[in-house]
Amino acid sequence: MTGPSRPDRPAGDERSRGYADRPGSDRPGSERPGGDRFGDRERGARQPSDRPAADRRAGDRFGGDRRGGDRPGGDRRGGERFGGDRRGGRPVRPAVDLPRQIAYEAIAAVHRDDAYANLVLPAMLREAGLSGRDAAFATELTYGTLRHTGTLDAIVTDAAGRDVQRIDPPVRDALRLGAYQILHTRVPPHAAVSSTVDLVRSVGPGATGFANAVLREITTRDADAWVAKLAPAPETDPIGHLALAYSHPQWIVRSFAEALGGDMGETTRLLIEDNERPPVHLCARPGLADPVALADEVGGAPGAFSPYAVYLPGGAPGDLAAVADGRAHVQDEGSQLVADALAAAPLDGPDGRWLDLCAGPGGKSGLLGALAAIRGARLTAVEVAEHRARLVEQATRGLPVTVLHTDGRTVGGDPKLPEAHFDRVLVDAPCTGLGALRRRPESRWRRQPSDLPPLTRLQRELLTAALRAVRPGGVVAYVTCSPHVVETHVTVTEAARRCGFAVDFVDARPLLPAGMPGLGDGPTVQLWPHRHGTDAMFLAVLRRA
């Protein structure tokens with residue numbers, strides 16, 4: 001079963017790890033809708049458009065002729081709000097209200113330009129001057145549609161009588177947006193249909209009749225009924241059923257199930273959590289901010305596990321004074337926990353030279369740098385991408401951190417990265433990011449199994465370099481934001497076997513807060529959204545003998 005449809009609500013500040021590797025998406029051609037089922041062109045009269053939310057300012061970019069000026073608020077006489085042109089005594093209004101238009105623009109940018117929603121959407125909202133409920137509605141439509149794209153595509157395919165990839169891309173994105181409103185929000189179905197037809201009229205005028213017919217067909221069933229019709233039977237194809245019911249590619253569902261020991265019930269709970277709006281977590285930098293005081297300052301709550309975590313109720317964390325002045329930064333609680341685990345690992349001998357071998361964009365370096373300042377240590381932060389190295393510099397300003405713009409695999413060949421020199425080393429390795437799909441909704445559709453071989457090779461090389469960099473008796477923490485067993489257990493065991501040094505695994509469970517549930521049998525730890533409310537972070541701690 002699929003679970004109840006969710007009401008429209010803000011999707012919060014969707015931040016992500018921002019890996020430099022980014023495989024291209026599959027952009028099909030622009031075949032226009034034909035006459036397979038509903039005919040080529042609109043022949044009927046325009047349907048009335050019922051918008052449950054008030055019509056918004058339609059700025060120049062998003063298609064409103066604002067001859068009456070930028071006037072938010074109720075309708076005005078003389079057609080001022082929708083422009084001065086009056087036909088037959090009635091004002092001409094914009095093609096579609098602004099929140100839906102912005103959501104469409106963001107979704108189209110993701111599919112057309114390989115853009116990232118968490119980057120393009122905030123910029124669009126600022127440019128349009130949207131805030132409050134309007135911004136929340138646009139955000140929910142954007143992220144919700146992107147998360148559910150796989151299932152929405154299956155439903156649109158069935159309703160249209162043709163494969164969704166044969167629909168012109170602008171119309172296809174509009175239909176996805178409309179289907180999401182029909183199946184997963186409180187928007188009345190007739191309003192979702194008419195507003196989407198209005199949108200199609202502006203992006204694909206020849207397809208309005210087709211879009212109207214497809215959307216009306218979608219309204220004949222709720223989300224559960226569509227899944228019941230289209231998904232394989234769970235008894236015969238549990239992976240295929242979960243993939244369609246919870247809108248994940250089958251290979252990702254399979255990898256989650258394998259990491260969870262084949263428990264399909266727990267896999268289902270994980271997929272459900274992956275489709276939820278993720279919370280925004282702050283990290284109160286130790287020595288600079290107290291988490292309880294910070295929670296009071298920002299109207300949040302202290303985290304459940306990390307001693308530095310603060311949960312935000314919503315809003316834009318970048319606007320907070322604590323973030324602006326460097327007392328805190330945005331960071332998932334799981335990322336805080338694995339960085340803190342490295343700092344907490346028992347160590348004999350000196351403890352003043354720390355290394356973050358894959359530092360961009362700087363969240364873990366910020367936390368480790370603050371801890372290093374308290375303990376009289378110094379952190380070297382390495383980042384291969386120049387723009388991400390600049391982000392690390394910004395994130396660690398004022399902390400005892402030296403940023404190197406170089407490749408972490410050059411340990412031993414770079415005089416600034418000597419072998420057997422560092423006491424603690426973090427390898428936050430580039431990965432598929434499958435553990436943060438709730439924050440990067442488009443990633444689940446971009447990643448492919450073919451991404452794994454080059455990534456796992458890079459992971460092994462970086463971990464091997466880290467084991468060269470750490471002194472005998474020092475510790476290395478290997479971290480990925482992915483639960484895929486090839487990126488976690490396989491990578492760690494292979495790197496430890498091939499590195500040429502004697503390496504011991506340290507039980508990572510005691511390095512996390514006491515009483516934390518669901519940490520498994522050790523020595524490695526896998527965090528989960530459905531168990532811990534964090535991204536699915538993997539942690540292995542190794543000591544060089």
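**Helix H7 and its surroundings**

I began with helix H7 (residues 208–218) of this predicted model, and I noted that Thr208, Phe210, Ala211, Asn212, Val214, Leu215 and Ile218 are buried there. I then looked up what these buried residues of H7 pack against, and found H4, H5, H6 and helix H8 (223–230).

The axes of helix H5 (residues 169–184) and helix H6 (residues 189–203) come within 9 Å and cross at roughly 170°, which makes H5 roughly antiparallel to H6. I listed the residues that meet: on the H5 side they are Pro170, Val171, Ala174, Leu177, Gly178, Gln181 and Ile182, and on the H6 side Ala192, Val193, Ser195, Thr196, Leu199, Val200 and Val203. Sorting this contact of H5 with H6 by class, I have 10 nonpolar residues, 4 polar ones and no charged ones.

**Salt bridges**

I looked up the salt bridges next, and the count comes to 27. One of them joins the side chains of Asp153 and Arg176, with 2.7 Å from N to O. Asp153 belongs to helix H4 (residues 149–160) and Arg176 to helix H5, so this pair ties together parts that are 23 residues apart in sequence. Are these two partners buried or exposed? Asp153 counts as buried at 11% relative accessibility, and Arg176 is buried as well, with a relative accessible area of 5%.

I also checked Arg531, which forms a salt bridge with Glu266, the closest N and O atoms being 2.6 Å apart. This pair links distant parts of the chain, as Arg531 sits in helix H20 (residues 529–532) and Glu266 in helix H11 (residues 264–274), 265 residues apart. For the accessibility I wrote down that Arg531 is partly exposed, with a relative accessible area of 33%, whereas Glu266 is buried, with 10%.

The next salt bridge I recorded is that of Asp428 with Lys364, where the closest N and O atoms are 2.9 Å apart. Asp428 lies in strand E10 and Lys364 in helix H15 (residues 363–375), so parts that are 64 residues apart in sequence are tied together by this pair. Asp428 counts as buried at 9% relative accessibility, and Lys364 is buried with a relative accessible area of 7%. I noted too that salt bridges with shared partners join Asp332, Arg438, Arg439 and Asp535 into one network.

**Strand E10 and its partners**

Which strands pair with E10? Strand E7 (residues 353–356) runs parallel to E10 and is joined to it by 3 bridges, and strand E11 (residues 470–480) pairs with E10 in the parallel sense over 6 bridges.

I then looked at Gly412, whose place is in the loop between strand E9 (401–405) and E10. Gly412 counts as partly exposed at 47% relative accessibility. Leaving aside residues up to four places away in sequence, Gly412 touches Leu417 and Glu419. I also looked up the separation of the C-alpha atoms of Gly412 and Ala465, which is 8.5 Å for residues 53 apart along the chain.

**The open sheet**

My last entry concerns an open sheet of 4 strands, which follow the order E4-E5-E3-E6 with antiparallel pairing. Strand E4 (301–302) and strand E6 (328–330) stand at the edges with a single partner strand each, so one side of each has no neighbour in the sheet. E4 and strand E5 (residues 309–312) run antiparallel and are joined by 2 bridges, and the bridge partner of Pro302 in E5 is Val310.

Which helices did I find packed on this sheet? Helix H12 (residues 291–298) touches strand E3 (280–284), E4, E5 and E6, and its direction makes about 15° with that of E5. Helix H14 (residues 333–344) also packs on the sheet, where it touches E3 and E5, and its direction makes about 35° with that of E3.

Conventions
Residues numbered from 1 in each chain as written. Predicted model: local features only at pLDDT ≥ 70, side-chain atom pairs only at ≥ 80, totals over all residues. Heavy atoms only, no water. Pairing = 2+ DSSP bridges. Axes fitted to C-alpha atoms, helices over the stretch in contact; angles between N-to-C directions. Parallel < 35°, antiparallel > 145°, perpendicular 65-115°, else oblique. Contact = heavy atoms within 4.5 Å. Nonpolar A, V, L, I, M, F, W, Y, C, P; charged D, E, K, R; others polar. Salt bridge = Lys/Arg side-chain N within 4 Å of Asp/Glu carboxyl O. Buried < 20%, exposed > 50% of the residue type's maximum accessible area, 1.4 Å probe, protein only.
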